[in-house]
Amino acid sequence: MPKIIYHVASSLDGFIADKDGKVDWLNEFDGFADDEVLKDFQDFMNSFGAILVGGHTYDFTLDYGQWMSPGFPTWVFTQRNLKILDPCIQLTTETPLKICGDLKQRGIERAWLMGGGKLAASFQDEGLIDEIYLAIIPIFLGQGIPLLGKTKQEPKLTLMDSKSYSNGMVSVNYKVHSA
């Protein structure tokens, strides 16, 4: 199976979107323009062969009118008929296990599980997440969409790496151990 890395931005209190399902709070954090953050993110982007994203997370890109990674193999997990922003994007109703099998057949070794929390939980329930990589933003939201939705079993984690940035953001990378 390909290595699945769940990489997402999170508030300090563990939310990936606010109580209204919005991520506008990320726009208020101008730290993403930090050169070191951008370099590290570009290095991360260059390390994988596919993107896996939930339909509601994909909705945010629809607002921008273009896909962030044109030509890059992308699967959007959704039951809805969404607009396709790039020919590389496939809508799917398949299970995470089935899609991971398809990725393996295509020779894809690493995939970025972009979000959201419910999709990440479905991958976790099937034992498919290998690493969790968080960009922790120095803000408290108080409530919202959690980093990881309700799972059958909470993942056991080992810290692999962490890094702090001058803008106050912290990145942490955990290895996920199967039960």
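## Close-up views of the predicted model

**View A.** The buried residues of helix α4 pack against β1 (3-11), β3 (50-54), β4 (74-77), β5 (89-92), β6 (110-115) and α5 (117-125). The model is predicted: local features need pLDDT of at least 70 and side-chain atom pairs count only at pLDDT 80 or more, while totals for chains, interfaces and linings use all residues. Residues are numbered from 1 along each chain as its sequence is written, and side-chain values use heavy atoms, with hydrogens and water left out. Helix α4 spans residues 96-105, and its buried residues (under 20% relative accessible area; exposed, over 50%; partly exposed, in between; 1.4 Å probe, protein chains only) are Pro96, Ile99, Cys100, Asp102 and Leu103. They line one face of the helix, because their directions down the axis of α4 fall within an arc of 155° (taken from the axis to the C-beta atoms). The face of α4 turned away from this buried side carries the exposed residues Lys104 and Gln105. Just after α4, Gly107 has a positive phi of about 80°.

**View B.** Eight strands form an open sheet of mixed pairing, in the order β5-β4-β3-β6-β1-β7-β10-β9. The edge strands are β5 and β9 (156-164), each of which pairs on one side only (pairing needs at least two DSSP bridges). From one strand to the next, the twist averages 20°. Strands β1 and β6 run parallel and are joined by four bridges; Ile5 stands opposite Trp112 in β6. Helix α2 (residues 35-45) lies across β1, β6 and β9 and runs at about 125° to β6. Helix α3 (residues 55-64) also packs on the sheet, touching β3, β4, β5 and β6, and its direction makes about 100° with that of β3.

**View C.** Strands β9 and β10 run antiparallel and are joined by eight bridges. Ser164 has Val170 in β10 as its bridge partner. The hairpin of these strands has five residues between them, and Gly168 there takes a positive phi near 100°.

**View D.** The largest nonpolar core contains 25 residues, and Tyr6, Leu52, Trp75, Leu103, Leu113, Phe123 and Ile129 have the most contacts inside it (buried Ala, Val, Leu, Ile, Met, Phe, Trp, Tyr and Cys joined through side-chain atoms within 4.5 Å). At least two residues of this core come from each of β1, β3, β4, α4, β6, α5, β7 (129-137) and β10 (170-177). Strand β7 gives the most, with four residues. Leaving aside residues up to four places away in sequence, Leu113 touches Ile4, Ile5, Tyr6, His7, Leu52, Leu119, Ala120, Phe123 and Ile129 (contact: heavy atoms within 4.5 Å). A second, separate core of 16 residues includes Phe48, Val53, Leu85 and Met114.

**View E.** Ring pairs link Phe41, Phe44, Phe48, Phe72, Trp112 and Tyr133 into a cluster. The whole structure holds nine aromatic pairs (ring centres within 6.5 Å; planes under 30 degrees apart are stacked, over 60 edge-to-face, the rest tilted). Phe44 and Trp112 form an edge-to-face pair, with 5.4 Å from centre to centre and 85° between the planes. This pair joins helix α2, which holds Phe44, to strand β6, which holds Trp112, across 68 residues; both residues are buried. Phe48 and Phe72 are edge-to-face because their ring centres lie 5.1 Å apart and their planes stand at 80°. Phe48 is buried, at 7% relative accessibility, whereas Phe72 is partly exposed, at 21%.

Notes
Axes are lines fitted to C-alpha atoms, for helices over the stretch in contact, and angles run from 0 to 180 degrees between N-to-C directions. Rings of Phe, Tyr and Trp (its six-membered ring) pair if their centres lie within 6.5 Å; planes under 30 degrees apart count as stacked, over 60 as edge-to-face and the rest as tilted.
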